[in-house]
Amino acid sequence: MNRCLFFALFRLVMMSPDFALIYSHAFSHYSYGDAHPFKVDRYRLTFELMEHCGLVGREGTRLVEAPPAAREALERFHRSDYLATLERFSRDGGTYADFRYGLGDVENPVFKGLYDWVCLMCGSTIEAVRQVMEEGCRAAFSMAGGLHHGFAARASGFCYLNDVVVALQPLLAQGKRIVYVDIDAHHGDGVQQAFYATDQVLTISIHEYGKDFYPYSGSVQEVGVDAGYGYAVNVPLVAHSDDLIYQQAFKRLILPLIEAYQPDLLITQMGADAMRTDPLTRLECTTAMMEYAGRCFLETGLPWVAVGGGGYERLNVARAWTLLWATMIGAEVPDALPATFTPTLRELGSQTRWLRDPPHLALPDDFARAQQSLDKTLSFLERRLFPLYRIGGAASSHGVTA
Ligand SMILES: [Zn+2]
């Protein structure tokens, strides 16, 4: 390469914004129905709150319109008969169902424009990965992504396509290694299953777990199969686990594993339903957990893509993801919501005045149970996995058996 071209490219890289926010107003143009817990206007609210906090259009950031994913991109993971059915059911707003594909029930309703909407969700995450891997961004946030319950030919848990699995396919074809961390309150079952037999993606999910808690998977025993043995990691939590429990799991397990694996890309699912005020879950986290997780991921120094996920109290979602984006780009924000956001709060009927939650700890008995459960989980995983990753000076192969 000649010297002038080298310096031109160098300057371009140095001048290019470091952080990308992928967004489209169309994210909120559809509806699962008034009675459904998944409210798509959470994306509009989040973006508006980011704007009111002065976090959109800042120097060093870029706002990128989410493009729809192309059919061939989806077909790298999803089955074509499933995609064709999804597209057909979405055309005219008629009443359709095919339970083999998980489509048309109360959980995963079919509505007009559904196919276009899910293509946009997937396209958003594909673009976030592209911004980081090809456009020199340090990190990117695809708030519409994180649809982690999507399977190759089945909708589940309000997820029709799996944006993360789709977006990672080209990187995997290039031989890249990925770490996926999922902090949503629910187990990241769709992503785990897609990569359960490969060592090219390390999946780590921390979530509430129990016989009565969707999706009923994600036990500590699920560690991958064949070449993927040791590359699926689950940290199941009991109800009432709080910020302190998450912080310990990060320090003792999640961060050492990321460091040991040395991926080319870190992709994290940032579902906001572990919050104590979420109506569908029983965890007791606050917005401090979202900021803590964001700081941890940023400080790994790895190329980082964050995607959204669950969250069924809209203002929780908006506050959590606004704080995440502020953490990602290194912006200071006050504890209180901006005064200019008051009309929106009134519209929502919300009394909340705070961007950050007040500190909260679980009750002592609940915390003791959560701590005991976490200690048991972590000691099992440390025994099983740390030798494989050569963490703590353990030998590489002894003690790791399927
Ligand atoms: Zn969830």
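At what angle do helix H9 and helix H10 pack, and how far apart are their axes? H9 covers residues 287-299 and H10 covers residues 314-329. They pack at an angle of about 30 degrees, with their axes 9 Å apart. That makes H9 roughly parallel to H10.

Some ground rules come next. The model is predicted: local features need pLDDT of at least 70, side-chain atom pairs count only at pLDDT 80 or more, and totals for chains, interfaces and linings use all residues. Residues are numbered from 1 along each chain as its sequence is written. Helices (H or I, at least four residues) and strands (E, at least two) are DSSP runs, numbered from the N terminus. Two packed helices are described by the angle between their axes and the distance between the axes. An axis is a line fitted to C-alpha atoms, for helices over the stretch in contact, and angles run from 0 to 180 degrees between N-to-C directions. Angles under 35 degrees count as roughly parallel, over 145 as roughly antiparallel, 65 to 115 as roughly perpendicular, and the rest as oblique.

Back to the pair. On the H9 side, the contact is made by Thr287, Met290, Glu291, Gly294, Arg295 and Leu298. H10 brings Arg319, Ala320, Leu323, Leu324, Thr327 and Met328. Residues are in contact if their C-beta atoms, placed from the backbone, lie within 7 Å. The residues of this contact of H9 with H10 divide into six nonpolar, three polar and three charged. Here Ala, Val, Leu, Ile, Met, Phe, Trp, Tyr, Cys and Pro count as nonpolar, Asp, Glu, Lys and Arg as charged, and the others, Gly among them, as polar.

H9 also holds Cys296. Is Cys296 buried or partly exposed? It has 19 C-beta neighbours inside 10 Å, so Cys296 counts as partly exposed. The cut-offs are these: a residue is buried if 20 or more other C-beta atoms lie within 10 Å of its own, exposed if 12 or fewer, and partly exposed in between, with C-beta atoms placed from the backbone. Leaving aside its neighbours within four places in sequence, Cys296 is in contact with Phe250 and Leu255. Cys285 is 11 residues from Cys296 along the chain, and their C-alpha atoms are separated by 16 Å.

H10 has another partner, helix H2 (residues 41-52). Their axes come within 8 Å and cross at roughly 45 degrees. That makes H2 oblique to H10. H2 passes H10 in a right-handed crossing. From H2, the contact uses Asp41, Arg42, Leu45, Thr46, Leu49 and Met50. From H10, it uses Arg314, Val317, Ala318, Arg319, Trp321, Thr322 and Trp325. By class, this contact of H2 with H10 has seven nonpolar, two polar and four charged residues.

Stay with H2. Its buried residues are Arg42, Tyr43, Leu45, Thr46, Phe47, Leu49 and Met50. These buried residues pack against strand S1 (19-23) and H10. How many Å should H2 span? At 1.5 Å a residue, its 12 residues should span 16 Å, and the end C-alpha atoms are 16 Å apart, which agrees. The expected span is 1.5 Å times one less than the number of residues. After H2 comes Gly54, with a positive phi near 70 degrees.

Now for helix H5 (residues 114-133) and helix H6 (residues 163-173). Their axes come within 8 Å and cross at roughly 40 degrees. That makes H5 oblique to H6. H5 passes H6 in a right-handed crossing. Met121, Cys122, Thr125, Ile126, Val129 and Met133 in H5 meet Asp163, Val164, Val166, Ala167 and Leu171 in H6. This contact of H5 with H6 has nine nonpolar, one polar and one charged residues.

Pro215 is found in the loop between strand S5 (201-208) and strand S6 (232-237). The peptide bond from Tyr214 to Pro215 is cis, with omega near 0 degrees. Tyr216 lies in the loop between S5 and S6. Its phi is near 70 degrees, a positive value in a residue other than glycine. Gln262 is in the loop between helix H8 (243-261) and strand S7 (265-269). Gln262 has a positive phi of about 50 degrees although it is not a glycine. With 9 other C-beta atoms within 10 Å, Gln262 is exposed.

Note on methods
Contact = placed C-beta atoms within 7 Å. Left-handed = near helix turned anticlockwise from the far one by under 90°.
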